[in-house]
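I have opened my notebook for a first look around this structure. Come along and follow the entries with the model in view.

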Amino acid sequence: MLFTLINCVVTVTLASFVTLCGQRQVTHQLPWQPQFSICDNCSHRLCWWQLIPVIGFIVQRGKCHWCGARISSFFPLSETVVILFTAKTFSFSWQHNLILTCALLTLLYLSITDFTAQVIYPLALTGLLPLLFILSPSHFLTSQALIEIVLIGTFLFILQFLTKGLGTGDIYFILMTDFIWHWEATAQIVLIGCILTIIPTIIKRGKKLPLIPGLAISFIVRLLFYLS
Ligand SMILES: [Zn+2]
């Protein structure tokens with residue numbers, strides 16, 4: 001219990017830092033500049049208690065303590081997912097924890113940049129590769145797997161050309177998912193990811209939402225099923 005708690009605290013702290021890096025990268029800032037966390041609206045330096053994951057959001061009732069600007073619920077929700085996933089998957093194998101933390105923070109980073117600026121940095125997808133040590137897929141690097149990736153990639157790029165609704169970053173994410181899992185798991189992840197994106201899109205009355213956060217949640221759920 002104590003070790004699980006410590007692991008959760010460390011991971012959610014790293015998640016906060018990854019969130020900061022993702023937000024600053026899309027605005028071409030350095031992670032360490034400005035030196036302190038500030039409100040995006042009023043640029044006021046944030047107090048320590050405002051930075052506590054989830055609790056800071058609840059205490060401020062979803063608004064900046066200084067200027068009253070609304071804080072997106074995306075941030076406490078992503079922190080909650082990080083805490084729950086870490087608590088659920090904790091084991092006494094440090095390699096196991098390290099690989100899952102790496103994958104979790106990668107998914108968070110991709111989601112943040114897509115949510116904030118509708119971009120992803122394809123190089124960041126390599127953070128998912130260590131999962132191959134846990135999942136050890138039987139089809140890894142077989143000719144069948146490579147043909148599968150080429151076919152799926154071709155289909156997705158044609159779909160993107162015809163519909164203009166699918167981003168190139170989304171396609172890279174789906175191809176990496178297929179590289180790590182297999183086409184059945186990829187289909188499940190994409191289906192659930194699309195549903196998770198469509199529901200808030202309907203609620204927000206047609207406002208276009210990024211796909212990667214939904215795919216990331218779906219990826220995490222699939223991982224939980226695999227590990228349980
Ligand atoms: Zn503010």
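**Helix 8, side by side**

I began with the exposed side of helix 8, where I found Glu 184, Leu 191, Ile 195, Ile 199, Ile 202 and Ile 203. I keep in mind that this is a predicted model.

Next I asked which residues of helix 8 are buried. My list reads Thr 186, Ile 189, Val 190 and Gly 193. They lie on the same side of helix 8, because their arc around the axis is only 95 degrees. I then looked for what covers these buried residues, and the cover includes helix 7 and helix 9.

I also checked the length of helix 8. Just past the end of helix 8, I noted a positive phi of about 55 degrees at Arg 205.

**The largest nonpolar core**

I turned to the largest nonpolar core, which holds 36 residues. The members touching the most others are Leu 104, Leu 107, Leu 108, Phe 173, Leu 215, Ala 216 and Ile 220. Several elements give two or more residues to this core, among them helix 1 (2-26), helix 4 (94-117) and helix 9 (212-227). Which helix gives the largest share? I found that helix 4 does, with ten residues.

My last entry is on Ala 216. Setting aside neighbours within four places in sequence, I see Ala 216 in contact with Leu 107, Leu 110 and Ser 111.

Conventions:
Residues numbered from 1 in each chain as written. Predicted model: local features only at pLDDT ≥ 70, side-chain atom pairs only at ≥ 80, totals over all residues. Core = buried A, V, L, I, M, F, W, Y, C linked by C-beta atoms within 7 Å. Buried ≥ 20, exposed ≤ 12 C-beta atoms within 10 Å, placed from the backbone. Helix = DSSP H or I, 4+ residues; strand = E, 2+ residues; numbered from the N terminus. Contact = placed C-beta atoms within 7 Å. Arc of directions from axis to C-beta.
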